[in-house]
Amino acid sequence: MTKNCKKCGKEFLIAKQEALFYEKKSLPEPFECPECRRNRRSGMRNVRKLYPRRCDKCGIELQSSYPEGVSFAVYCEKCYFEEVS
Ligand SMILES: [Zn+2]
Ligand SMILES: [Zn+2]
């Protein structure tokens, strides 16, 4: 069965098992396409992808929008402020 997303208007498919699942749990069927649901769940629209990587200075683990291997150094917050001050 297909539905139209209430948010972006795109048509999306609800699999039979999925529909049964909602029925069994007496949950309302989704009214948003999977993409919009995912966006809503993450709480943000246009989320930038974050890569787990390490600070190029102290080696602490951090989340950056730049993956490891980019041509410039990526610092953690602490090192960044040390660097700019
Ligand atoms: Zn949508
Ligand atoms: Zn650091």
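A: One definition to start: helices (H or I, at least four residues) and strands (E, at least two) are DSSP runs, numbered from the N terminus. The model is a predicted one.

Q: Fine. How many helices and strands are there in the protein?
A: There are three helices and four strands. Read from the N terminus on, the order of elements is β-β-α-α-β-β-α.

Q: Is the protein a compact globule or more spread out than one?
A: More spread out: the radius of gyration is 21 Å, well over the 12 Å that the globule rule gives for 85 residues. The C-alpha trace spans about 55 × 25 × 20 Å along its principal axes.

Q: What domains is the protein divided into?
A: Domain 1 covers 2-41 and domain 2 covers 51-84. Their C-alpha centres are 38 Å apart.

Q: And what share of the residues count as buried?
A: Of the 85 residues, 1%. The cut-off for buried is 20 or more other C-beta atoms within 10 Å of the residue's own, and for exposed it is 12 or fewer.

Q: What about contacts between residues at least 24 apart?
A: They make up 15% of the contacts between residues at least 6 apart in sequence.

Q: Switching to helix α1. How many of its nine residues are buried?
A: Zero; α1, residues 16-24, is hardly covered.

Q: What comes just after α1?
A: S26, with a positive phi of about 40°. That is a positive value in a residue other than glycine.

Q: Where is S26 found?
A: S26 sits in the loop between α1 and α2, the latter being 34-41.

Q: Buried or exposed, and why?
A: S26 is exposed because 6 other C-beta atoms lie within 10 Å, and the cut-off for exposed is 12 or fewer.

Q: Now the other domain. Where does G59 lie?
A: G59 is in the loop between β3 (51-54) and β4 (61-64).

Q: How far is G59 from C76?
A: Their C-alpha atoms are separated by 8.5 Å, and the two residues are 17 apart along the chain.

Note on methods. Residues numbered from 1 in each chain as written. Chains lettered and ligands numbered in written order. Predicted model: local features only at pLDDT ≥ 70, side-chain atom pairs only at ≥ 80, totals over all residues. Domains from an automatic or database assignment. Rg over C-alpha atoms; globule rule 2.2 N^0.38 Å. Contact = placed C-beta atoms within 7 Å.
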